[in-house]
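Dear colleague,

Please find below the structure that I am handing over to you, with its sequence. My findings follow directly after it.

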Amino acid sequence: MNTAGLEDIRRWHRRNAEVVRSLAEASAGDSAEDGGAALAAFFDGPALELEGHLDLEEREVFPLVAQLLRHDTGILDSLRAEHETIRLLLGLLRSSREAPGGPSRNDALSALNDLALLLASHFHKEDDLVNPLLARLLLERPS
Ligand SMILES: [Fe+2]
């Protein structure tokens with residue numbers, strides 16, 4: 001991970017927050033008969049990307065955060081807990097599409113709205129609080 005990598009993450013966050021926000025809007029307008037076209041498109045691409053992104057942060061970014069904040073892992077604990085909630089919401093949305101008798105359309109829409117809100121605040125924490133500290137650490141670190 002380097003500072004260019006952190007900038008890529010910021011760009012990716014911006015794009016993904018936008019994707020999920022417009023998905024929540026589009027899904028609210030989907031008719032019940034079309035089976036949630038917006039949600040189907042989401043799971044064909046952006047949802048997989050989002051899951052890969054969570055894995056990448058846990059593998060490459062969080063260990064650096066832990067190194068930087070040796071005595072204060074509160075923010076890291078909270079970011080990890082939010083990643084788990086994001087995965088839970090994605091699982092719920094996936095089962096609402098795939099399992100007959102799974103969560104209702106209203107439950108899926110509410111999970112989608114929860115996901116959009118959570119991603120907005122989660123990305124804000126990472127981009128504006130944590131990653132600037134990491135960028136400084138990376139610049140100061142002897143190569
Ligand atoms: Fe994250």
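The axes of H3 and H5 come within 10 Å and cross at roughly 75°; axes here are lines fitted to C-alpha atoms, for helices over the stretch in contact, and angles run from 0 to 180 degrees between N-to-C directions. H3 is therefore roughly perpendicular to H5, where angles of 65 to 115 degrees count as roughly perpendicular, under 35 as roughly parallel, over 145 as roughly antiparallel and the rest as oblique. On the H3 side the contact is made by Val61, Leu64, Val65 and Leu68, and on the H5 side by Val130, Leu133, Leu134 and Leu137. Two residues are in contact if their C-beta atoms, placed from the backbone, lie within 7 Å. By class, this contact of H3 with H5 has eight nonpolar, no polar and no charged residues; Ala, Val, Leu, Ile, Met, Phe, Trp, Tyr, Cys and Pro count as nonpolar, Asp, Glu, Lys and Arg as charged, and the others, Gly among them, as polar.

Please note that this is a predicted model: local features need pLDDT of at least 70, side-chain atom pairs count only at pLDDT 80 or more, and totals for chains, interfaces and linings use all residues. Residues are numbered from 1 along each chain as its sequence is written.

The protein chain has five helices and zero strands; helices (H or I, at least four residues) and strands (E, at least two) are DSSP runs, numbered from the N terminus. Its C-alpha trace spans about 60 × 25 × 20 Å along the principal axes. Of the 143 residues, 18% are buried, a residue being buried if 20 or more other C-beta atoms lie within 10 Å of its own, exposed if 12 or fewer, and partly exposed in between. Among contacts between residues at least 6 apart in sequence, 71% join residues at least 24 apart.

The largest nonpolar core has 14 residues, and Val20, Leu23, Leu93, Leu112 and Leu115 have the most contacts inside it. Such a core is a set of buried Ala, Val, Leu, Ile, Met, Phe, Trp, Tyr and Cys residues joined through C-beta atoms within 7 Å. Two or more residues of this core come from each of H1, H2 (37–44), H3 (46–68), H4 (74–98) and H5, with H5 giving the most, four residues. A second, separate core of five residues includes Leu6, Val61, Val130 and Leu134. Val20 touches Leu115, Ala116 and Leu119, not counting residues up to four places away in sequence.

In H4, the buried residues are Leu79, Ile86, Leu89, Leu93 and Ser96, and the buried residues of H4 pack against H2, H3 and H5.

Asp114 is found in H5 and is partly exposed, with 17 other C-beta atoms within 10 Å. Asp127 is also found in H5 and is partly exposed, with 17 other C-beta atoms within 10 Å. Leaving aside neighbours within four places in sequence, Asp127 is in contact with Arg10 and His13.

Yours sincerely
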